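Opening the notebook on a new model. I'll jot down what I look up as I go.

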Amino acid sequence: MKIQVSDFVNVKAKAEALGCNIPTAITVMPYEFENAQSKSALCYEGAAQTLKRLFQDNGITQTPLEQEGEEFPSLLKESSVEEWIGPTVFVSFTLLSQNPNLISIALNVISNYLTDWFKGSGNKFILLNKATLDLVVELKNGDCKKLHYEGTGSDLGQVADVVRELCLHN
């Protein structure tokens, strides 16, 4: 398992500059959000729609970046049966401060999905399968940090500990 932490653009300021909804909850981010020069450049990766549905089905509050009546296109980005490549997920500081357990719940939902997904691949060596997910966390001061996770689906829950540590010290 590997988790890398790096700086990320201020998601709320970038969303406002692009004319998107300003996220106040969990938000599945479009591909290359941080580099987009206009709203028309935004599109979702294949796994983004799956995560949105999983969060919705499990009662996890989301803020869509799209304005009412808008829909960003989806880009099909193939994952192999041994590797799942997830989208970037943003978590606001407000949400984390009001419900610190929500990040664990969201990561467990993803982890459970991945366990089933890898089993469905027919691969008997599920623990060797790789999952990649970027999680952007807003800190109390409004700065954002990106956690890039690479590991198994079952280890994904450990990212919640890193998020709590970041929030405690920033």
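Is T27 buried or exposed? I get a relative accessible area of 0% for T27, so buried (the cut-offs: buried is under 20% relative accessible area, exposed over 50%, partly exposed in between, with a 1.4 Å probe and protein chains only).

Ground rules before I go on. This is a predicted model, where local features need pLDDT of at least 70 and side-chain atom pairs count only at pLDDT 80 or more, while totals for chains, interfaces and linings use all residues. Residues are numbered from 1 along each chain as its sequence is written, and side-chain values use heavy atoms, with hydrogens and water left out.

**T27 and I26**

I placed T27 in strand β2, residues 26-29 (strands are DSSP E runs of at least two residues, helices H or I runs of at least four, numbered from the N terminus). A polar atom of the T27 side chain sits 2.9 Å from the backbone oxygen of T63 (a polar contact is a pair of N or O atoms within 3.5 Å; within protein, one must be able to donate a hydrogen and the other to accept it, and residues adjacent in sequence count only if both atoms are side-chain atoms). Skipping neighbours within four places in sequence, I list T63, L65, T88, V89 and F90 as contacts of T27 (contact: heavy atoms within 4.5 Å). With the same exclusion, I26 touches residues including F55, I60, V91, L102 and A106.

**Core**

I26 comes up again in the largest nonpolar core, which has 49 residues; I26, L51, F55, W84 and L135 have the most contacts inside it (a core is a set of buried Ala, Val, Leu, Ile, Met, Phe, Trp, Tyr and Cys residues joined through side-chain atoms within 4.5 Å). Helix α4 (residues 102-120) gives the largest share of this core, 8 residues. In α2 I noted A47, A48, T50, L51, K52, L54 and F55 as buried. Just after α2, G59 has a positive phi of about 70°.

**Aromatics and cysteines**

I found 1 aromatic pair. Y44 and F72 are tilted, 5.8 Å centre to centre with 40° between the planes (ring centres of Phe, Tyr or Trp, the last by its six-membered ring, lie within 6.5 Å; planes under 30 degrees apart are stacked, over 60 edge-to-face, the rest tilted). The pair links distant parts of the chain, 28 residues apart: Y44 is in strand β3, F72 in the loop between α2 and β4. Y44 is buried at 0%, and F72 is buried at 5%.

I also looked for disulfides and got 0 (cysteine sulfur atoms within 2.5 Å). C43 counts as buried at 15%, and C144 is buried at 3%.

**Charges**

I count 7 salt bridges (a Lys or Arg side-chain nitrogen within 4 Å of an Asp or Glu carboxyl oxygen). Among them is K39 with E70, closest N and O atoms 2.8 Å apart. K39 is in the loop between β2 and β3 and E70 in the loop between α2 and β4, so this bridge ties together parts 31 residues apart in sequence.

K130 and E150 pair at 3.6 Å. K130 is in strand β6 and E150 in strand β7, so parts 20 residues apart are tied together. K130 is partly exposed at 32%, and E150 is partly exposed at 22%.

D161 and R164 come within 3.1 Å by their closest N and O atoms. Both are in helix α5 (residues 159-169), 3 residues apart, about one turn of the helix. Last entry: salt bridges with shared partners join K2, K130 and E150 into one network.
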